[in-house]
Amino acid sequence: MTDLALMAAHAPPDVGPALHPFWVFDWEEIWHPQVAVCSAVLFLAGVLCSAAGIGGGGVYVAVLMVLGGVSTHNAVPLSKAIVFFGALASLVVNLKRLKEAPARKEKSVIDF
């Protein structure tokens, strides 16, 4: 289905094709073994990249393209989102450890 036909299909009947339609999620694409393998490898890569202290964007792009079959145009923004949410998770963990550090008499993880 072309983009114009997709826009026309999701536009209200009295308005015509929408200029900026919302993305319609297709659940049929989720239930493939390729998605499970790509998700597992992305999880393991995320754990390793977080432990190493690197963002891992290049690793995520490669995994998404090779195992996930995603185009470069879509893999790069997905990689940026994965890095962003990984950084948020690391921040939450480190702030929790910073809050608990005085009670445990340990040196802070974050060096101010």
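In this predicted model, Ser 79 is a buried residue, with a relative accessible area of 4%. Ser 79 belongs to helix 4, which spans residues 72–104. Apart from neighbours within four places in sequence, Ser 79 is in contact with Gly 57, Tyr 60, Val 61 and Leu 64.

Within helix 3, the buried residues include Tyr 60, Val 61, Val 63 and Leu 64. Because these residues cover an arc of only 165° around the axis, they lie on the same side of helix 3. Gly 58 and Val 66 are exposed on the other side of helix 3.

Tyr 60, Val 61, Val 63 and Leu 64 are among the 9 residues of the largest nonpolar core, together with Cys 38, Leu 42, Ala 45, Cys 49 and Ala 75. In soluble globular proteins, nonpolar side chains tend to be buried together.

When residues up to four places away in sequence are not counted, Val 63 touches Cys 38, Val 41, Leu 42 and Gly 68. Of these, Cys 38 and Leu 42 are also members of the largest nonpolar core.

The core holds two cysteines that deserve attention, Cys 38 and Cys 49. Cys 38 counts as buried because its relative accessibility is 6%, and Cys 49 is likewise buried, with a relative accessible area of 6%. A disulfide is a covalent bond between the sulfur atoms of two cysteines.

The structure holds 1 aromatic pair, formed by Phe 84 and Phe 85. The centres of these two rings are 5.2 Å apart and their planes stand at 70°, so the pair is edge-to-face; planes over 60 degrees apart count as such. Phe 84 is partly exposed, with a relative accessible area of 48%, whereas Phe 85 counts as exposed at 55% relative accessibility. The cut-off for exposed is over 50%, which is why the two residues are described by different words.

Methods
Residues are numbered from 1 along each chain as its sequence is written. This is a predicted model: local features need pLDDT of at least 70, side-chain atom pairs count only at pLDDT 80 or more; totals for chains, interfaces and linings use all residues. Side-chain values use heavy atoms; hydrogens and water are left out. Buried means under 20% relative accessible area, exposed over 50%, partly exposed in between (1.4 Å probe, protein chains only). A nonpolar core is a set of buried Ala, Val, Leu, Ile, Met, Phe, Trp, Tyr and Cys residues joined through side-chain atoms within 4.5 Å. Contact means heavy atoms within 4.5 Å. Rings of Phe, Tyr and Trp (its six-membered ring) pair if their centres lie within 6.5 Å; planes under 30 degrees apart count as stacked, over 60 as edge-to-face and the rest as tilted. Helices (H or I, at least four residues) and strands (E, at least two) are DSSP runs, numbered from the N terminus. The arc is that of the directions from the helix axis to the C-beta atoms.
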